[in-house]
Amino acid sequence: MKNIVSIDLGSNSFRTLLYDGLNHKIIDEYQEVVGMADGLIDTSKISLEAQSRVIAAVKRSIAKLKYNPEDTICVTTAAMRIAKNSSEVLKRFKDECKLDFKIIDGEEEARLTLLAIKYALKREKKESEHFILIDIGGGSTELIINSGDEHFAKSFDIGIVTLAQKHKNRETIITELEKRKKEISKFISTLNIDLKNFNFVATAGTPTTIAAVKLGLTFATYNRDLINGTQLSLEEIESFLNKFRSLSQEEIFHLMGPGRTDFIESGVFIYRLFFQILNKDKSIVFDDGLREGVAIDYALKSNK
């Protein structure tokens, strides 16, 4: 199949990709913050408001990318894994949007995201054999360590939305993350791999937002091609956090667009936590993620 449409419905974002499966090139994309995990911690359900936001986003993505929803490969992740009403929500999406979503577990999410990042590193002519990857999502964060032909992955239930809504202020968020340090460090130590010379790679909205601000981009001028391969230091992340706290709501909206402003701090704290655990002082940022991995995986299987 030449052109593939993949959709990643995350806990915070809806991301659609139009992909040339023969030449492995991105043709076009659509993404929007839909806040699907909003209220999930309190109710254990995907709200009707969140469902409506997803349906509206689907319609806008079809208008932009001109695709047939019945031909798409659709995956959904942490929020749907948690929600008690996930089956009825997915039925509604199928009935109203003709999208057939598959809930994937953390392991499959990690595998597909890793596939996308391997392609991205090669595209940007960066070392693609030995690296550590984090994918900071709305409902979970995936940690993946790639060592040659092997990879080791674990999904941690700390996401930018769920963390912010469970812990109402920055002090309790930081305390919670301090508690999780031991669990994450323990997983890494069991692998018995020297990560000193492994590149530290990050994907998802938090690192790409920080990279965009570093490059002087706003929500309106965001450019994935400029973001990909951008290097961020721990100092730049701390500097972003200080800048973010000094901005007005209007200025934050101008920089980040709708749906991210309430959760960016928790995202920065998660990102910073992995810098500390991994003992790294810099990170490479990519916009590529799960939706690209879904498309690449489908293309590889179809072209055999």
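Predicted model: local features only at pLDDT ≥ 70, side-chain atom pairs only at ≥ 80, totals over all residues.

Me: Which residues of helix 10 are buried, and what arc do they cover around the axis?
Reply: Burial here means under 20% relative accessible area. In helix 10 the buried residues are I237, F240, L241 and F244. They lie on the same side of helix 10, because they cover an arc around the axis of only 100°.

Me: Which exposed residues does the opposite face of helix 10 carry, and what does its buried side pack against?
Reply: The buried residues of helix 10 have as packing partners helix 8 (205-214), strand 10 (230-233), helix 11 (249-256) and helix 12 (264-278). On the face turned away from the buried side, the exposed residues are E235 and S246.

Me: How are helix 8 and helix 10 oriented, parallel or perpendicular?
Reply: Two packed helices are described by an angle and a distance between their axes. For helix 8 and helix 10 the angle is about 85°, and the axes are 10 Å apart. Angles of 65 to 115 degrees count as roughly perpendicular. The two helices, helix 8 and helix 10, are therefore roughly perpendicular.

Me: Which residues make the contact between helix 8 and helix 10, and how many of them are charged?
Reply: Helix 8 contributes T209, I210, V213 and K214, while helix 10 contributes E236, I237, F240 and K243. By class, this contact has four nonpolar residues and one polar residue, and the number of charged residues is three.

Me: Where do the buried residues of helix 11 lie, and what covers them?
Reply: The buried residues in helix 11 are I252, L255 and M256. Viewed down the axis of helix 11, they fall within an arc of 75°, so they line one face of the helix. Their cover includes helix 8, helix 10 and helix 12.

Me: How many residues of helix 12 are buried?
Reply: Helix 12 has 15 residues, which at 1.5 Å a residue should span 21 Å, in agreement with its end C-alpha atoms being 21 Å apart. Helix 12 is largely enclosed by the rest of the structure, because the buried residues number 14 of the 15.

Me: Which residues follow helix 11 and helix 12, and what is the phi of each?
Reply: After helix 11 comes G257, with a positive phi near 75°. After helix 12 comes N279, whose phi is also positive, near 60°.

Me: Is H167 buried or exposed, and which residues does it touch?
Reply: H167 is located in the loop between helix 6 (160-166) and helix 7 (170-191). Its relative accessibility is 16%, so H167 counts as buried. Leaving aside residues up to four places away in sequence, H167 touches T172, I173 and E176.

Me: What separates the C-alpha atoms of H167 and S266?
Reply: Along the chain, H167 and S266 are 99 residues apart.

Me: What is the exposure class of N192, and what is its phi?
Reply: N192 is found in the loop between helix 7 and strand 9 (199-203). With 72% relative accessibility, N192 counts as exposed. Although N192 is not a glycine, its phi is positive, at about 55°.

Note on methods: Residues numbered from 1 in each chain as written. Heavy atoms only, no water. Buried < 20%, exposed > 50% of the residue type's maximum accessible area, 1.4 Å probe, protein only. Helix = DSSP H or I, 4+ residues; strand = E, 2+ residues; numbered from the N terminus. Arc of directions from axis to C-beta. Contact = heavy atoms within 4.5 Å. Axes fitted to C-alpha atoms, helices over the stretch in contact; angles between N-to-C directions. Parallel < 35°, antiparallel > 145°, perpendicular 65-115°, else oblique. Nonpolar A, V, L, I, M, F, W, Y, C, P; charged D, E, K, R; others polar. Expected span 1.5 Å × (residues − 1).
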